[in-house]
Amino acid sequence: MTGYNLLEIVSSCIDLAEQSGKIIRDIFNSGTLDIKMKGEDDPMTVADLKSQQHIIAGLRNHWPDIKIVGEEDCEVPPTQTFPDRTKLQKYSDSAPKDYLNMNKEDVIVFIDPLDATKEFTLGRVHCVMTLIGITYKGVPVGGVIYQPFVDADGLPVPKEQASQWVGRLVWGIVGIPVENLKDKRAPEDKGKVIIVTTASHFNQDIENSIQKIQPDKVLRTGGAGYKTLMVIENLADVYLFSTVGTKLWDIAAPHAILSAVGGTLTQPSGKPVNYTDNLSLVENKNGIVVTIGDHQKYINLLNK
Ligand SMILES: Nc1ncnc2c1ncn2[C@@H]1O[C@H](COP(=O)(O)O)[C@@H](OP(=O)(O)O)[C@H]1O
Ligand SMILES: [Mg+2]
Ligand SMILES: [Mg+2]
Ligand SMILES: [Mg+2]
């Protein structure tokens, strides 16, 4: 076979995301985040950088030429990390055959080394995640997300109980059932329409869109990955961010897992997102809408 094998790439990304989680936890515990501002409300820390360097160096050791789009602009020193490519071998018979020998030109790995950096710098670490998404022919097909600051069920743990930060991994490949997910909807929220949106990048466009849906509840928290996982686990019906701000690396990994469980992510118009390595097109300029069901109903409301 001459193409890339998605099972091997996702297997490696699982190792690298878990290792990055440890890097992120250690830097948080050190207390030295070395915060730099890339733009207004757009911080980057040394944890973002070290996490991305670790992931890219590990991928390059196996796939020197694979297309990678990472959030941070940084040099990548070589490492001796050779991630395990074999963890998912048992799915070789059940995985979609196309994904076992993917044309190299059509594969892109999107890396968000630390999603929810703003919240991270404020110590609200439960929503921090490392996100690695793999797209094939412009569509997310594999995703790995790792939450460093939660317990094994993904529940927040305060920093006074840091020893319980065992972390949580979720990976998904479209066509293979996703493990390690729960329906977390509280009984009193059954039948309600719940929107989740940004905590730290809110604006009037988003407020106007929320009004069109007339939800019963609006939750605000950090991280594109965390909010998408809330939809996947039924804590919210819609993740709505109807404005410029998120980038392809924020959504590639969670989108793949969402697709694997039957959910939908589009632009607010209902048009699909096109995943490309053209750096002038990595912004989700029109925003995103994420649902686990009734997607068209919400798109209709947003466009009426
Ligand atoms: N106005 C804005 N400027 C820069 N980045 C934005 C933004 N709005 C959203 N984002 C990006 O979208 C992601 C989710 O944002 P939010 O937590 O507000 O929902 C964050 O990813 P990072 O933390 O990986 O940079 C954040 O940087
Ligand atoms: Mg950032
Ligand atoms: Mg992000
Ligand atoms: Mg980030």
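How many bridges join strand 5 to strand 6, and do the two run parallel or antiparallel?

Reply: This is a predicted model, in which local features need pLDDT of at least 70, side-chain atom pairs count only at pLDDT 80 or more, and totals for chains, interfaces and linings use all residues. Residues are numbered from 1 along each chain as its sequence is written, while chains are lettered from A and ligands numbered from 1 in the order in which they are written.

Strand 5 (residues 129-136) and strand 6 (residues 139-147) are joined by seven bridges and run antiparallel. Helices (H or I, at least four residues) and strands (E, at least two) are DSSP runs, numbered from the N terminus. Two strands pair if DSSP finds at least two bridges between them. Gly133 has Gly143 in strand 6 as its bridge partner.

These two strands belong to an open sheet of five strands, ordered 3-4-5-6-7, with mixed pairing. Strand 3 (67-70) and strand 7 (168-173) are the edges, each pairing on one side only. From one strand to the next, the twist averages 15°; angles run from 0 to 180 degrees between N-to-C directions, and axes are lines fitted to C-alpha atoms, for helices over the stretch in contact.

Helix 1 packs on this sheet and touches strand 4 (107-115), strand 5, strand 6 and strand 7. Its direction makes about 30° with that of strand 6. Contact here means that the C-beta atoms of two residues, placed from the backbone, lie within 7 Å. Helix 6 (residues 248-260) lies across strand 3, strand 4, strand 5, strand 6 and strand 7, and runs at about 100° to strand 6.

Helix 1 (residues 6-30) also packs with helix 2 (residues 46-62), at an angle of about 155° and with the axes 9 Å apart. The two helices are therefore roughly antiparallel to each other; angles under 35 degrees count as roughly parallel, over 145 as roughly antiparallel, 65 to 115 as roughly perpendicular and the rest as oblique. Helix 1 passes helix 2 in a right-handed crossing, the term for a near helix turned clockwise from the far one by less than a right angle, with anticlockwise being left-handed.
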